[in-house]
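Morning, everyone. Please look at the structure on the screen. I'll talk about aromatic rings.

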Amino acid sequence: MKRIMVTGANGQIGVELVVHLRKLYGAENVLATARRLVPGPVGEGGPFQLLDVRDGAAFSGILGSFRADTVIHLAGILSAKGESDPVSSWDINVNGTCAALEAARAHGAAFFLPSSIAAFGPSTPARNTPQDTIQRPTTIYGVAKVSLELLCDYYHKRFGLDTRGLRFPGLISYEALPGGGTTDYAVHIYYDAVKKGSYTSFIAPGTCMDMMYMPDALDAVVQLMEADPARLVHRNAFNVSAMSFEPEQIAASIRKVMPGFAMDYDVDPLRQSIAESWPDSLDCSAAREEWGFAPKYDLDRMTEDMLSRLKNKI
Ligand code: AKB
């Protein structure tokens, strides 16, 4: 990667990835794009362009004039929000990615697309979920993710495009809040711990999901995109996860730092049913073997960092 175009740059991953990439590759070599200009480092710390990712001509024009060799296509609608308007979720997630892939093909740019644990469904083996397994998701977000994993592999096989992707678990971070996901509770819990000393979980006790701290997610994107293609047996998309926990385990981790922290439950049926359709824990051996995936944060280390960062921020 030398010149990189990032879409969805104002989202939870984008706000941190853009800054991270600008530190690694030089601010002038990382173009952030989004539908709105938001004051802050994404829009002001380097090149920025407004872009609706469904506009293929605009996408290709921006990519071509920036002379990007890599597209990191983050723009998309998450799982729970997608269920409130499946047609628009499909439009942004699938048609936006089709436009992005065509633009990358026209300019010969490498392509990164985040997939998700949402690409799995209730018939997938839930524990130690294999890299290659049954994928019959039950959300519009998951259906789009499976389609796009296949589409990215198709662009690689048919057109030789260098497409790569990660199946992200819930991502936990302190810079920007996630918007409309099922795993969001694992971010909100830290904010409420610092603000109120308590949290009401919309995910029920005993519901395990995979998670990862944002610094590990940023490293994983860079490592995968810099990996020697000769080592890649898989491309779209690799299982990645750093931990798997249920609400009580994250609460227990917070109590190690804040002994008075309290949690109760007010379960949201939609997000609970989505969570139950996803794996409990992923097998990440393909990512380890093919490009050296090695996350640094476990639950307690992440909790200590999240709480101290949020205490400074809030
Ligand atoms: C969501 O909950 O929708 C996302 C995801 C796991 O893709 N965080």
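By the pairing rule, there are 7 aromatic pairs here. The rule covers rings of Phe, Tyr and Trp (its six-membered ring), which pair if their centres lie within 6.5 Å; planes under 30 degrees apart are stacked, over 60 edge-to-face, and the rest tilted.

One of these pairs joins Phe238 and Trp291. The pair is edge-to-face, with 5.8 Å centre to centre and 80 degrees between the planes. Why does this pair tie together parts that are 53 residues apart in sequence? Because Phe238 lies in strand E10 (residues 238-239), while Trp291 lies in helix H11 (residues 285-291). Helices (H or I, at least four residues) and strands (E, at least two) are DSSP runs, numbered from the N terminus.

A word on the source. This is a predicted model: local features need pLDDT of at least 70, side-chain atom pairs count only at pLDDT 80 or more, and totals for chains, interfaces and linings use all residues. Residues are numbered from 1 along each chain as its sequence is written, and side-chain values use heavy atoms, leaving out hydrogens and water.

Now, buried or exposed? Buried means under 20% relative accessible area, exposed over 50%, and partly exposed in between (1.4 Å probe, protein chains only). Phe238 is buried, at 0%. Trp291 is buried too, at 5% relative accessibility. Trp291 also pairs with Phe293: their centres are 5.7 Å apart and their planes at 50 degrees, so that pair is tilted. Phe293 is buried, as is Trp291.

Elsewhere, ring pairs link Tyr154, Tyr155 and Phe159 into a cluster.
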